[in-house]
Amino acid sequence: MIDLPGLAIKDYYEQNRSSRLYVHDRFGPKVLMPVSLYFRSFAQMPELEQLAVRSSKGSVLDIGAGAGSHALELQERGLDVCALEISESGCKVMRDRGVREVVCADFFSFSGRKYDTLLLLMNGIGLCSDLQGFGVFLEKAKELLKTGGQIIFDSCDIKYMYEEFILPSNYYYGEVECSYQYGSLRSAWFKWLYIDYSTMQKIARSKGFESEQLAKDSNHQYLAKLTLSAL
């Protein structure tokens with residue numbers, strides 16, 4: 001699939017801001033995704049993201065690192081950070097911005113050393129696509145976590161978006177079909193997961209993880225920390 005977010009990030013970084021990045025879904029009109037969000041300073045990040053950064057420890061794998069803003073902040077705090085991003089354009093921007101370790105790869109095929117923290121922000125957990133994929137993600141995470149390690153991520157309960165729609169009966173309501181638009185370019189439809197805390201907790205428990213809700217905001221978003229249960 002064409003890498004429209006990566007192209008938008010690269011263009012923004014190179015000061016070509018003429019085109020806008022939009023996200024389409026099945027709920028209604030397209031939504032503007034300000035590319036500047038990928039370039040926020042720590043002070044500009046929402047409280048959930050700030051708390052996620054402060055809660056990270058040790059060696060960190062920043063999954064879906066985008067333009068590297070979280071990785072750069074973690075570096076400034078003295079943590080050992082690897083920025084993992086599937087977008088080649090995003091990886092180039094991160095290296096140009098000063099992220100010291102950047103790996104261009106898909107999380108599910110990535111292998112390497114183990115980490116104290118796996119970090120996914122800006123609803124990066126959506127890369128799981130669906131509930132089954134979330135379970136696959138957790139199994140993969142076990143391979144990458146050190147003993148006592150943690151997964152920190154944010155997500156959102158989007159049930160409120162169905163006020164004018166009937167909840168689907170044949171799939172989980174947080175499995176959303178999306179498509180990017182950038183200028184005259186449009187991506188294919190893909191699935192992105194928004195998972196409510198209760199459902200997430202049940203799946204995590206079935207995979208051997210304990211869950212803790214670190215914070216919740218007024219927009220139905222939450223920040224979670226998962227740790228492997230003691231044997």
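Modeller: In this predicted model, the buried residues of helix 6 pack against helix 5 (131-144), strand 7, strand 11 and strand 12. Contact means heavy atoms within 4.5 Å; helices (H or I, at least four residues) and strands (E, at least two) are DSSP runs, numbered from the N terminus. Residues are numbered from 1 along each chain as its sequence is written, and side-chain values use heavy atoms, without hydrogens and water. As the model is predicted, local features need pLDDT of at least 70 and side-chain atom pairs count only at pLDDT 80 or more, while totals for chains, interfaces and linings use all residues.

Biologist: Which residues of helix 6 are buried, and why do they line one face?

Modeller: An α-helix has 3.6 residues a turn, so residues three or four places apart point the same way. In helix 6 (residues 197-206), Y197, M200, I203 and A204 are buried (under 20% relative accessible area, exposed being over 50% and partly exposed in between; 1.4 Å probe, protein chains only). Seen down the axis, these residues fall within an arc of 130°, so they line one face of helix 6; the arc is that of the directions from the helix axis to the C-beta atoms. K202, R205 and S206, on the other side, are exposed.

Biologist: How does strand 12 pair with strand 11?

Modeller: Two strands pair if DSSP finds at least two bridges between them. Strand 11 (residues 209-216) and strand 12 run antiparallel, joined by seven bridges; Q213 has A224 in strand 12 as its bridge partner.
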